[in-house]
Structures are given as structure tokens and as C-alpha cells.
Amino acid sequence: MTMVERNLQLASFRDLLDRCHRGDGGAALLTGPVACGRTELLHACTRTATEEGARHLGATGSPDERALPLGAVSQLLRTTALPPAARRHAADLLDRATRAAEAGADRPETTRLLFELCLVLTDLAQDGPLLVTVDDAQYLDDLSARWLGFLVRRLVSTPILLLVTVADDHLRPEHTELVRGPGSRRITVPALTPAGTAALLPGADPTAAAGLHAASGGNPLLARALLDSHGGVTTRHDTYRRALAQCLRRCHPRLVRAVRAAAVLGAHATGSGTARLAGLSGAETDEALHAAQSAGLTLGPRLRLPAGRAAVLADLTPGERHTLHYEAARLLHERGAAATETADQLLTAGAPQEPWAVQVLLEAADAALAGGDVHAAVLRLELAHTVETDEHHRATVLARLAAAEWLISPAATDRHLTPLVTASRTGHLGPRHRIMLLRQLLWLDRHDEAADVLAHIRAADQEPGTVATTAVHATELWLACTHPTLARRGRPAVRAGDVVVALRADPWLPPASILASILLRARDAEAAGRAEQMLRDVRLGTGTPWAAESPLLALVYADRTDSAAAWCDRLLTDVGGLGFPAWQAVFSGIRAEIAIRRGAFPAALDAARSALAHISAKGWGVAVGMPLSALVLAATRTGDLDTAAAHLDHPVPEGMALSRYQVPYLHARGQYYLAAGNRHAALADFLACGELTRAWGIDVPGLVPWRISAAEAWLSLGNRDEARNLLSDQLARLGPANRRARAMALRALAACAPPERRPRLLTSAVEAAEDSGDRYELARALGDLGLALRHVKEGARSRMTLRRAWQVARACRIDLPGAAPLDAGGPAGATLPGVLARVGLLSEAEHRVAALAAVGYTNREIAARLFVTASTVEQHLTRVYRKLQVKRRSDLPADLHSDFGRAG
């Protein structure tokens, strides 16, 4: 290997070698940072000397041989390089000196024997120059070191050149004594300069050279290790880690302790902190860190590279790791470092035993949740729970651990619930965590334990106006909406003045009560607005997605599907970025329900499947009814009855029958039965929905329109009277906001009416469906209206209505009997894209007129609907035909009315 930047050192050795050839001996001490090329230089000097005729005797010090008397001298003299007689004589002297040392002989005897061993070499040098090399002399045993001192004092007039290497961090006074005589010198082998480091690179890229020098500190061993097979610099290469570990094994223990302490502290390493962890004085630490920097291991008080730090930490024993990292955590805590950084030290140390460590771990877990790193939060909480503290504190930590794991998988939380139930019974769990435990138990179908916890919650609710009382009231309302069999009737609602207090106690509490405003008090006109405000206040990064579920469902059940879809999409994006798979599943399940209510069945199928993929069926617990019902209903609507049946075959938890999730599941199953021709089973499921919702006090059409579905089942069985009674009852219960249910009820009622009355009812159904945003219901209402118009001999309007019904049905991916894509006078399919591409040319007023004309309204009807004159309608239509390049209103695409709001 080519020597780099060592010409001066070789020249200095050459001077000493020339003196030796002239008969004058000498000594050279090669020093320098660890792994910077002392041994390499020694070998180069040896080659030079032997090439010029000098004989060579060499020895290498080793930590393993420090206890072996005269180990290095034995390497020098028990060699075939000596003549046989000299070798035998040296062996005899070595044996006698060793026995004398082991027997504890007096100093004069040992001294005499060492002197005679020196004479073996001086006699050998009479035949010509002799080079004696001792590498790593810092590891010599005491007798070998004494012998070297004897030899040095006899070099003045003897052609012996002694070459000794010692690392800087091991230098002691006895080493420097070796080169105090005439003809002796100290030769320093420093780290490479930037130019020297650049010479190691195969190319001449200045940037790469600078980077290599900065990473290696000029240490040749480390620099070569950093060069990978592609000629670049890699800071993650195993070769570098092995090279650095090799350097440390050759360093003085003080330097190793300082470097390990610096590695443990990482970015927080300082001189004083390193001294404390290493157990060194300030001066010792400064000296050790200076040596480490000279060797390219550190830069200031820190390791140069992350890979270097990893190599040092990997070399620690378990005991060392615990001690150093725990003391580092204590140091960071005392100095006010961030809880997350202190917690990282505690996690590596493991098994903390002091209260301050537990508090740090809890704060760090909260910070991790706020940043979306749930796994980090779980690790910190698990460690905090191992600390032996009082039962109340341990129960609180376990409750927080269960809440964090819930964000990943509710099923993973199950193992914590039994000890938490015990803690609740013994009074070691606070109100907030009891309520959270109640939610988890009910979700995972542990109904009996949930009832027990609820009893303790109610028993502890003694003082009106307290945060606990407010929490219990909100919980009772949530139970009434979600798990009605456990709900207590007659509980007062959460008072407006308590909301702020409750929000501080648990962000879930006020949102939990908003669901009651929709399901228990269906006429609450302001509930949807409050739900949106609550969603604006949700901060998912705090680890409380529960706070978003109830107001989001409130919007869904209030038929605010546009708003619900926008909020749900935002929440899905947020929880996806935070890494909360359980809540990705929940919000995907809600998104599927929203898509069902908008007639977007392909989207509903995708969202429901995503919901079931994010967490296991066990993790879904009783709430599995939400994604399953959406999946079954979407598959049924699109005619895929096999898929619907397959999902209905999946077992569901028994406790689902006691929860709100049973209602949409029964309704979806009833729709499947109806589509499959099993009309009696369908009717039974729809009526069962009614029995449950009436018994539970959540009989609102926004949950499921069971009366309308039951009426359709009665109609399929030929019983119009029962159907008409159910529909009349449903219409009487609807408020202005129930546009979707109104559209469904009017469409079904039209089927009970005489043919001449059907167009009026169905026209109202279409208008309500347009306003609701449910494309499926719109397609059905349009299809029925088209057929009804045909029956009363309004052929032109019938064709346009049926064409539009087909287009809306196509968007929903459903088949609509009676509707057709093209009727007489309709545009060719190839022209529709061109017409739609020009819709943007229309003004808003023109768009409104064209949209209503495309549905089949007459000019007079359009004028009355838009509060303009018939002449104005004619003028608008003339401009519409010209801009869209069509000849008549039957050429207008029905998709003009896809934005229902713009059409009035």
C-alpha cells in the first residue's frame, strides 16, 4: 500500500539508519494518534533497513501478554534470525530470568540476567547493523520494558537501531526516556491533512475529498473504511463500524470511557457531561477527547458520524448500556432537556426505578402522540408502567397505554382491560380513564365488564357541577345513542356552561353529546352547525380522534353528506399522516356510509374494504356493523349479490345486537334479502330495525329509513295499505332537513297512488333527491317519473327523463329497469363528451335553464321555478343551443344537472 504524507518521517529514520551503518546506534520513538499509520511506517522502515543489509529482530506488544514476564524479549531472541549458539544462550538466559521473576528473586540477580540478554544483541551487532523493532510498546510487560531501558543505554557505540511505536494516548515518561540519549529522536506520525486524505481517493473530486477528510478526521484506517466499492463515501458501511471498533480496542481505557460517554450523550455531549458519565476529572476528559479528535474519532465532544456512534454503542455490554444511558437520562433531566430526548435514554437503559423517570416518560409519550408517533408513545408508556409506584399511578399509566395502543389496533388493547377493570373496582382509576375504559370494553364486546365499570362511574357521580358529573352526563347521552341497553333515562343534558370545563377534562365529552342532538332530539336545527364547529376544534395530533367521530356521525345522520364528506376526507388525510390505523379504519367506515347516502357505490365499496383492511375483525368489535353494512348495501345496489352474501356470512359479535351498529346492519341485510327475492325475511329485518330504534329512542330517518324500506317490502308482497300507512307515518315525521328520506318516501308513495297522481309525487321526489345529493335515489325517482310520464302520454318528457335516469344510474354503477341510454331524438353517444366539454361556456343563469330543460321541464315550468319570464327562458335556451352546438332540448346532456344546487 502506498505511503501518504510520510516522507519526512522516512527521511528522519533514514538519518538514523545511516548513523547505524557508520557504527553508531540510536533509537526512534514513533508516536501519533491511534490507527494513523505508526505500524505501517515501522514496516516501511524495516523494509528499507533489510534491503540495505541490516538484520532485523522484531516484537509486538499485546494486552494479552502483559502478564507474561519478558514476553516481548522472548519474541526478539527466540527466533531463527539468531545463530544457533546465540539462540540457545538467549533461551537459557530467558528461562533463568523468567524463573527468577516468578520466584521473586532479588533485583541484582534479575538485573544481571537482563544485562546478559542485552549482550546477546550487542554481540550479534558485531557482524553488522541490527534493527530491533517493538510495535505497540505500551503493552510491554514490566521486565521487557526494563530490558529496553538497558538496551538503549548501550546503543551509543553499537550499530543497533531501536525502533519503538507507542500511541499518543498511551505515552508515559518511561517511553520518552527511550529517546533521551544521543542519536535518538521522536518521530510523530500525525493524521492525514486534507490533501493527504484526497490522495486516498481514486479520483480528484475536491468535494468528495473534503467530505472524506471531515468524516474520517484524516485517520487513514477510517478513511479507507469509508471508501466503498464504488469509490464513494458511505457513513453506514459495516467496514467503517468495524474499523472504528478496532481503533477503540487499541485506545487507552480513559479515552474509551470518554468516547463511550460522548456516544451515549449524542448531540447533548459536552466536556462536563462526558466527564460525569465517564467518571473522569475535567483534565482527564479534556486530554482523552483531544486524543480522540486527533485520531479522527470525535469532533469536539461528539462522535463525527452517526455510524461511529452506533459502533461505539453496539460495543457496550448490557450492564454498561443500562448504567451509562440511565445516568445520561438523569443528567439530561437535571439540565432541563426535552422529555423526548431524556426518554430515549431511559428506553435504551430500560427498567427505570425513580419517579422522575416515570414523569419524563409520560411527558414524552404525550409529545409522541402529538407528533403522530404512536409506536414511540406506546414504548414509553410500556416502560413507565414497569416502574413500581402506587396502584393509582400504575393504573393511570396503564389506561394511557391502552388509549395509545387503541390508535394502532383496538384488539391489542384487550390484554390491558382486565387489570383496568380491577383498578376501576378498587377505586384506583380516575373518572376520565373509567369512561375511556367503558368505551373500550363496549367496543370489544365485553358487555358485562362494561356494565360493572358503568356502575362505578355512576356511583362516583355525587357532586353536581363537577367535571366528573359533566363527563357522566355526556357519557349517558353517548350510551343512549350507541349502546342504548346500558343507558339511563332521564339524565340531564350537558349544560352549556359545563362544555368548556368538560372539554378541558376530555375533548371527547361535548362531541359525544352532539350525537344525542341528532338521534335523540331529531328536530334540533342547530345541531349540525355545532357539530361542524366541534370538528373545527378537533386536534388529532393530541391523540383524541374520539372527539371527531361523534360530530362527524351527527352530520351524516343529519343528512349533511356534502359537509360530512369534506370533513371525513380531511380527517382521513390527517390520521393517515399521523399513523393512526385504527382511526383510518373508523373514518373509512364512516366515509363508506357517506358514499352510500350519495349513491357513490364504487367509492363506498372501496372505503368499506379499506376500513376492514386497516384493523382486524376482532379489532372492529361490535362496530364492525358499520363497514359491513356499507359493504353489503353497496354490493346489493350494484347487483353483486354474491359479494353481499359472502360478507353477511361473516360472524359478528353477539354484543352488536345491543348497540346502534345492529340497526344499519339489519337494514343492509334486509335490502339484500329484498334484492334476492326473500321478501318476508327482508320485511322482518326492516321491522326489527323499527322495534329497536323505537325501543331505544333513536327512531330517526337519518339513521335508517326503516319505514320506507318496510313499505317497499310490503309493496313487493302486494299489500299497498300497509305500505301507505308506513309512508304516511314517515312523511309526518320528516322535517325540512330530511330531504333524502322525503325523496324516498314520495317515490315509494307514488307506487301506492293511482297512475294519474304519480307524476306529481315523483316530480317532488326528484326535487327532494336533487337537493339531498343522493344520486341513487335520484336515478330511481327519475326512472319512475319517466315511466309515469309515458303512462300519461307525455312521450317527449318521458324520453328525456328516462335518458337522464340512465345517465345518473350509470354514474352509480346500477342497472335501472325502464331507463335507456339513447331514445328517439337523443344525441349520439360520441357527441356527448364534446357537448359536456363546452358546458363551461354557459353563464350561471344559462346553466340553470339548460339543466332544468335537460330534465324535461317546459319553458313555463322553468320560468315559474326560476322566477323569470317565459321569454327570458327562450332567450337563454337560444344562447345555450348555440354555445353547446346542439339543435334542440333533447340534445342537452342530463349531466348538466349533476350540480343540483345550481339548478335551484
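This is a predicted model: local features need pLDDT of at least 70, side-chain atom pairs count only at pLDDT 80 or more; totals for chains, interfaces and linings use all residues.
Residues are numbered from 1 along each chain as its sequence is written. Local features need pLDDT of at least 70 and side-chain atom pairs count only at pLDDT 80 or more, while totals for chains, interfaces and linings use all residues; side-chain values use heavy atoms, without hydrogens or water.

Helices (H or I, at least four residues) and strands (E, at least two) are DSSP runs, numbered from the N terminus. Two packed helices are described by the angle between their axes and the distance between the axes. Axes are lines fitted to C-alpha atoms, for helices over the stretch in contact, and angles run from 0 to 180 degrees between N-to-C directions. Helix α39 (residues 739–752) packs with helix α41 (residues 775–791) at about 25 degrees. Their axes are 10 Å apart. The two helices are therefore roughly parallel (under 35 degrees). Their crossing is left-handed, meaning that the near helix is turned anticlockwise from the far one by less than a right angle. From α39, the contact (heavy atoms within 4.5 Å) draws on Ala743, Met744 and Arg747. From α41 come Glu777, Arg780, Ala781 and Asp784. Three of the contact residues are nonpolar, none is polar and four are charged. Here Ala, Val, Leu, Ile, Met, Phe, Trp, Tyr, Cys and Pro count as nonpolar, Asp, Glu, Lys and Arg as charged, and the others, Gly among them, as polar.

Buried means under 20% relative accessible area and exposed over 50%, with partly exposed in between (1.4 Å probe, protein chains only). In α31, Phe601, Ala604, Leu605, Ala607, Ala608 and Ala611 are buried. Helix α31 has 14 residues (601–614) and should span 20 Å, at 1.5 Å times one less than its number of residues. Its end C-alpha atoms are 20 Å apart, which agrees.

Helix α6 (residues 142–152) is mostly covered, with eight of its 11 residues buried. Among them are Trp147, Phe150 and Leu151. The buried residues of α6 pack against helices α3, α4 and α5 and strands β3 and β4.

Most residues other than glycine have a negative phi. Alanine 35 has a positive phi of about 65 degrees. It sits in the loop between β1 and α2 and is buried, at 8% relative accessible area. Glutamine 885 has a positive phi of about 60 degrees. Glutamine 885 lies in the segment after α46 and is exposed, at 58% relative accessibility.

Technical notes
Angles under 35 degrees count as roughly parallel, over 145 as roughly antiparallel, 65 to 115 as roughly perpendicular and the rest as oblique.
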